Amino acid sequence: MSSAGAGSALRVHAIRVRPGQELLGTLQAFVEEKRLRAPFIVTCVGSLTKATLRLANATATKTNEVVHLSGHFEIVSLVGTLNPDAHVHISLSDFEGKTVGGHVLGDLEVFTTAEVVIGEAVDLEFTREMDEETGFPELVVQPRPQTNQSA
């Protein structure tokens, strides 16, 4: 288990992503603009017209099936960490209520809206390092370095 070993205070941000915007890129731009160091998705509701996902069972040498979805989809779940190498999963339902989910590769085009609440663990810092066991860059959680701020 890899963790910082302690809890953290929480700061909360909320944004609305508008029709036609790409959701993941917009979230990453927001994180960069606000200089968030340990950001994660708390919740999201909205809809999409496109999505590109990697399905389960991927390994470093076998990236598995990638699906390109097009149509109208409700976002029923969006979870993950938003550090520079974001790790985000999504579940979408179609017009019949059938769901599909997977690892977000991008191309999440907003249909009507995406209302996203982003949390930040203000005492922590998220980075990613290659993990020899999994073959993927995996989350590393560390205490945030303290800066010397003068009044």
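This is a predicted model: local features need pLDDT of at least 70, side-chain atom pairs count only at pLDDT 80 or more; totals for chains, interfaces and linings use all residues.
Colleague: Which residues is H13 in contact with, leaving aside its neighbours within four places in sequence?
Modeller: H13 is in contact with F30, L36, V116, V117, I118 and E120. Contact here means heavy atoms within 4.5 Å.

Colleague: Where does H13 lie, and is it buried or exposed?
Modeller: H13 lies in strand β1. With a relative accessible area of 15%, H13 is buried. Buried means under 20% relative accessible area, exposed means over 50%, and partly exposed is in between, using a 1.4 Å probe and protein chains only. Helices (H or I, at least four residues) and strands (E, at least two) are DSSP runs, numbered from the N terminus.

Colleague: OK, on to the helix. Which residues of α1 are buried?
Modeller: They are L23, L24, L27, F30 and V31. Seen down the axis of α1, these buried residues fall within an arc of 125°, so they line one face of the helix. The arc is that of the directions from the helix axis to the C-beta atoms.

Colleague: And what is on the other side of α1?
Modeller: E32 and E33 are there, and they are exposed.

Colleague: What covers the buried residues of α1?
Modeller: The cover includes five strands: β1 (10-17), β2 (39-54), β3 (66-81), β4 (87-93) and β5 (99-121).

Colleague: How far apart are the end C-alpha atoms of α1?
Modeller: They are 17 Å apart, which agrees with the 16 Å that the 12 residues of α1 (residues 23-34) should span at 1.5 Å a residue. That expected span is 1.5 Å times one less than the number of residues.

Colleague: Which residue caps the N-terminal end of α1?
Modeller: That is E22, with a side-chain oxygen 3.3 Å from the backbone nitrogen of L24.

Colleague: And what follows α1?
Modeller: R35 does, and its phi is positive, near 55°. R35 sits in the loop between α1 and β2, and it is exposed, with a relative accessible area of 71%. Another residue other than glycine with a positive phi is D107, near 60°. D107 is found in strand β5 and is partly exposed, at 34% relative accessible area.

Colleague: Switching topic: where does E125 lie, and what does its side chain make a polar contact with?
Modeller: E125 lies in strand β6 (residues 124-130), and its side chain makes a polar contact with the side chain of R37, at 2.5 Å. A polar contact is a pair of N or O atoms within 3.5 Å; within protein, one must be able to donate a hydrogen and the other to accept it, and residues adjacent in sequence count only if both atoms are side-chain atoms.

Colleague: Is E125 buried or exposed?
Modeller: E125 counts as buried, at 15% relative accessibility. Not counting residues up to four places away in sequence, E125 touches several residues, among them R37, V141 and R144. E125 and V141 are 16 residues apart in sequence, with 5.9 Å between their C-alpha atoms.

Colleague: Where is the place of R144, and what does its side chain reach?
Modeller: R144 is in the segment after β7. Its side chain reaches the backbone oxygen of V122 at 3.2 Å. R144 also counts as buried, at 17% relative accessibility.

Colleague: What about V88, which strand is that in?
Modeller: V88 is found in strand β4. V88 is buried, with a relative accessible area of 2%. Among the residues V88 touches, not counting those up to four places away in sequence, are L24, I41 and H103.

Colleague: Last one: what volume does the largest pocket have?
Modeller: About 340 Å³. Of the 16 residues that line it, the closest to its centre are R54, H87, H89, H103 and F136. A pocket is an open set of points on a 1 Å grid over the protein atoms alone, where a 1.4 Å probe fits, with protein on both sides within 12 Å along at least five of seven lines; lining residues have an atom within 4 Å of a point. Grid points are joined across faces, edges and corners, and the volume is the space filled by probe spheres set on the points.

Colleague: Which element gives the largest share of the lining of the largest pocket?
Modeller: β5 does, with 3 residues.

How values were computed:
Residues are numbered from 1 along each chain as its sequence is written. Side-chain values use heavy atoms; hydrogens and water are left out.
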